[in-house]
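I wrote each entry as I went.

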Amino acid sequence: MAKTLFLGDEAVAQAALDAGLSGVYAYPGTPSTEITEFIQNSKQGKAGQVHSIWAGNEKTAMESAIGMSYAGKRAMVCMKHVGLNVAADPFMNSAITGANGGLVVVVADDPSMHSSQDEQDSRYYAKFALIPSFEPSNQQEAYDITYAAFDYSEKYNTPVLIRLTTRLSHSRSGVERKAERPQNELHLLENKKQFILLPAIARVNYRNLLGKQDAFENESLNSPYNKYIDGADKKMGVIASGIAYNYLMENFDGKCPYPVLKISQYPLPKKLIEKMIDECETVLVAEEGYPFIEEQVRGLLNRTGKIIGRLSGELPRDGELNPNLVAKALGMPDTYGAPIPELVVPRPPALCVGCPHIDSYNAINAAMEKYGAGKVFADIGCYTLGALPPYNAIYTTVDMGASITMAKGAADAGMRPVLAVIGDSTFTHSGMTSLLDCIYENTPVTVMILDNSTTGMTGGQDSHALGVLGEICKGLGVKEEHIHRITPLKQHHEENVALIQKELEYEGVSVIIPTRECIQTLSRRMKKQQAAKKN
């Protein structure tokens, strides 16, 4: 078949469709967002009625995917690495329930934190859960692995994890597709109690999971994605996983003189690792992310000190790898080049011109001026840019939903006043339970839910709370007289400042909802309307 140019994310999406996917569940998060968007826009997905609506958060996405697998259909759940923390409860337990229809969890990690709070490595989650995982090294492997992962899941009745990284997710290459397969028919497992995790059943399921570990390792040992490539020079051996394999081979134009063990499937193939350790004087472990492989190899076999990598300092402990870093670790010349000249001024990200959050932050700064700095707690979203000049308006950003509960903790400690800033989509993701904690104790916290009618930071996906934020807050228990909608515009600045100051003085829970559409989605919507009129 002819090759098609795909992003890594798109290759995963197309493979899932071709493998007979019935549903994808996800919460948007860079660098994973394009997987679900591709399926949503796919004619093939629409023709197959593949479910592809965004979930409220990663936990609900994971649970929905487990439910589809329970019904016998093939399901995929997608998220970025920190989203797996949110989904950890059902993810870990899915290893114990097992799967019925193929269940594939795709997690996109973000080494160097291009758009994330940390560099977390999702391979540890798969090892923690005792389930197989894959780490493609290129777009073709991303396609092939995803296609095969559903078969693997159904063969062993287990969820599997596919780990991507930013460079693979957002770079393109030609991909050859496989034949399309039909979706599974609805069918239930013979054991109708397999998904009931009462302790007596869970213990049996856990023993069954432990009993599969040898088979999982044997699959890795014989996997087409794990390869031992012999080399004449045994002074060095290289274990390279995922995209790091490409960085290695780039230094040698595809012909490395050293033995190379390419790893893209886990658990680790111990026999192949033992072969390399026995044959080579020194072994470099090149992997993107944490020293996941290096730690295991050192723990099992490093009695001679011959293992080098991120832990030994030959490769940096943080950040992304690149071909030059791998070359230096191999003792080759440093070809990084000249440093960027100082005349090139860094351009940090900024709120868009016309963004409604600008007027919200101007009002917040004016209202908070008399109270001093450090009392505004914020959250994850494009409004996090309010931490930068010229606004300097917020002082915390930790994780989704933390603004409200951190403000609560500060209020419990005696800080007055405290103000929490959270976006509309983040509020429905993780902020509602935080607000409920405040309501339960009537904590003196003012919450500003910045409603721009979309999930702005990840491309403008629909917000689950569109038009109903006030009703949600009232339903949770916020008193109606302390729920306010305001319009963040310069012409309303003085009245908005006065309202914020009034609610800051209130010894209880209040909610202010600045409401104005994201300038980017508004622009796109206007262009579509104009195009429709012309047609």
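**Helix packing**

I began with helix H1 (residues 8–18) and helix H2 (residues 33–41), which pack at an angle of about 45 degrees with their axes 8 Å apart. Helices here are DSSP runs of H or I of at least four residues, strands are runs of E of at least two, and both are numbered from the N terminus. The axes are lines fitted to C-alpha atoms, for helices over the stretch in contact, and the angles run from 0 to 180 degrees between N-to-C directions. H1 and H2 are therefore oblique to each other, given that angles under 35 degrees count as roughly parallel, over 145 as roughly antiparallel, 65 to 115 as roughly perpendicular and the rest as oblique. I noted that H1 passes H2 in a right-handed crossing, a crossing being right-handed if the near helix is turned clockwise from the far one by less than a right angle, and left-handed if anticlockwise. On the H1 side the contact is made by Asp9, Glu10, Val12, Ala13, Gln14 and Leu17, and on the H2 side by Thr33, Glu34, Ile35, Phe38 and Ile39, where contact means heavy atoms within 4.5 Å. Sorted by class, the contact of H1 with H2 has 6 nonpolar, 2 polar and 3 charged residues; Ala, Val, Leu, Ile, Met, Phe, Trp, Tyr, Cys and Pro count as nonpolar, Asp, Glu, Lys and Arg as charged, and the others, Gly among them, as polar.

Before going on I recorded the provenance: this is a predicted model, in which local features need pLDDT of at least 70 and side-chain atom pairs count only at pLDDT 80 or more, while totals for chains, interfaces and linings use all residues. Residues are numbered from 1 along each chain as its sequence is written, and side-chain values use heavy atoms, with hydrogens and water left out.

Next I looked up helix H4 (residues 58–70) with H6, whose axes come within 8 Å and cross at roughly 25 degrees, which makes H4 roughly parallel to H6. Lys59, Met62, Glu63 and Ile66 of H4 meet Pro90, Phe91 and Ser94 of H6, and by class this contact has 4 nonpolar, 1 polar and 2 charged residues.

I then turned to helix H6 (residues 88–97) with helix H10 (residues 199–211), where the axes come within 7 Å and cross at roughly 80 degrees. That makes H6 roughly perpendicular to H10. The contact is formed by Ala95, Ile96 and Thr97 of H6 with Ala202, Asn205, Tyr206 and Leu209 of H10, and its residues divide into 5 nonpolar, 2 polar and no charged.

**Buried side chains in loops**

Which residues does Glu287 touch, not counting residues up to four places away in sequence? I found Arg123, Ser241, Ala244, Phe292, Ile293, Glu294, Arg310 and Leu321. Glu287 sits in the loop between strand S12 (282–286) and helix H14 (292–301) and is buried, with a relative accessible area of 0%; buried means under 20% relative accessible area, exposed over 50% and partly exposed in between, for a 1.4 Å probe and protein chains only. The side chain of Glu287 makes a polar contact with the side chain of Arg123 at 2.9 Å, and a polar atom of the Glu287 side chain lies 2.8 Å from the backbone nitrogen of Ile293. A polar contact is a pair of N or O atoms within 3.5 Å; within protein, one must be able to donate a hydrogen and the other to accept it, and residues adjacent in sequence count only if both atoms are side-chain atoms.

I also looked at Asn226, in the loop between helix H11 (213–221) and strand S8 (227–229), which counts as buried at 5% relative accessibility. Polar atoms of the Asn226 side chain lie 2.7 Å from the backbone nitrogen of Ser264 and 3.0 Å from that of Gln265.

**Backbone details**

I logged a cis peptide bond joining Tyr266 and Pro267, with omega about 10 degrees, and another joining Arg416 and Pro417, with omega about -20 degrees. Phi of Ser112 is near 80 degrees and phi of Met113 is near 55 degrees, each a positive value in a residue other than glycine. Ser112 is partly exposed at 30% relative accessible area, and Met113 is partly exposed at 38%.
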